Amino acid sequence: ATPTALLVGTGRGAQLGILIKGPEVLESTRAVDTVVLDKTGTVTTGRMALVEVHVAEGVDTEEAVRLAGALENASEHPIAQAIVAGARDRVGDLPSVEDFTNVEGLGVQGIVDGKAVLVGRTALLEEWAHHLPEDLAKAKAAEEELGRTAVVVGWDGKARAVLVVADTVKPTSAEAITQLRALGLTPVLLTGDNEAVARAVAAEVGITEVIAEVLPKDKVDVVKRLQGEGKVVAMVGDGVNDAAALAQADLGLAMGTGTDVAIEASDLTLVRGDLRAAVDAIRLSRRTLRTIK
Ligand code: ADP
Ligand code: MG
């Protein structure tokens, strides 16, 4: 590959809204056959809204929203931001939180108004040896059938509410997936979110391969496993929890709207956070390399 042709490719990339770390990056895109896509913030906007609150019998909805909102105020997760915004809308000012802990991939916990509060996955609830009462479990399952994310809220030793946040698929994602397939690439959706939500999002954009409920630290192992099967893997992600997988992938693509950590770990940055730019990047590299040969 002549440096000049590669540099021309790099310049064209900038015009398309793709920042390329170095000209050699374009060479590694050529053999890519599998594109692993993070769900939240990559395929979806990552901007979720609080759309529903289910409470256990005898529980005050406002209190559930206030305690969860106060706790999530200390987290930067997209789910947390939706809950905080929704809580402020409904109950106004939120109390402060003490002893806040982020349990990676599971949720958050801390003390609000002297109460030990948790918000997160059922697995976090189980760590506290709480169980989800049947009415809440049913409501949660029904919401997940709809492709929404439902998190559990517990305090004072019990699971007391289920908060539902809905994220929306980016309007350009389905088109990008169609274009990836047209290039002969296999898209795979990878997420820490639950299987039903992941399946619903995948179906909406036309992805059939889904790997769900993967802890942040295990995302990199999924990429390694695919590589072990002989796949040449591009990974597209946005979050801190995607960084190791982005670095491990044969080609790492970060959403420009994502975290600096993800951008630093990647070979390419899609400036506008539009998945179609990933397709442009792969097309560009193929075209650039054809010119060189
Ligand atoms: P993704 O891989 O889709 O970016 P994460 O690994 O960040 O998702 O989170 C996995 C799951 O853990 C979330 O879908 C949610 O159920 C739970 N979770 C993580 N952080 C929080 C939080 N701050 N509040 C509530 N739930 C959370
Ligand atoms: Mg993410």
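The largest nonpolar core of this predicted model takes in 50 residues, and the ones with the most contacts inside it are Val 36, Leu 189, Ala 234, Met 235, Ala 249, Leu 253 and Ala 278. Here a nonpolar core means a set of buried Ala, Val, Leu, Ile, Met, Phe, Trp, Tyr and Cys residues joined through C-beta atoms within 7 Å. A second, separate core holds 37 residues, among them Leu 50, Ile 83, Ala 87 and Val 151. In soluble globular proteins, nonpolar side chains tend to be buried together.

A word on bookkeeping: residues are numbered from 1 along each chain as its sequence is written, while chains are lettered from A and ligands numbered from 1 in the order in which they are written. As this is a predicted model, local features need pLDDT of at least 70 and side-chain atom pairs count only at pLDDT 80 or more, whereas totals for chains, interfaces and linings use all residues.

On pLDDT (the predictor's confidence in each residue, from 0 to 100), the protein chain averages 91, and 95% of the residues score at least 70. For the complex, the predictor gives an ipTM of 0.92 and a pTM of 0.70. The protein chain has 13 helices and 13 strands, taken as DSSP runs numbered from the N terminus (helices: H or I, at least four residues; strands: E, at least two). Of its 293 residues, 50% count as buried, that is, with 20 or more other C-beta atoms within 10 Å of their own, the C-beta atoms being placed from the backbone.

Back to Val 36: leaving aside residues up to four places away in sequence, Val 36 touches Val 188, Leu 190, Val 223, Val 233, Met 235 and Ala 249, a contact being C-beta atoms, placed from the backbone, within 7 Å. Val 188 in β9 is also the bridge partner of Val 36. Strand β2 (residues 34–38) pairs with β9 in the parallel sense over 5 bridges, where pairing takes at least two DSSP bridges. On to strand β10 (residues 209–211), which runs parallel to β9 and is joined to it by 3 bridges; there, Val 188 has Glu 209 as its bridge partner. The chain gets from β9 to β10 through helix α9 (residues 195–205), in a right-handed β-α-β crossover: with the strands pointing away from the viewer, the path from the first strand over the helix to the second runs clockwise. With 4 of its 5 residues buried, strand β9 (residues 186–190) is largely enclosed by the rest of the structure.

Helix α4 is likewise largely enclosed by the rest of the structure, because 9 of its 12 residues are buried, including Arg 66 and Glu 72.

Note on methods. Two residues are in contact if their C-beta atoms, placed from the backbone, lie within 7 Å.
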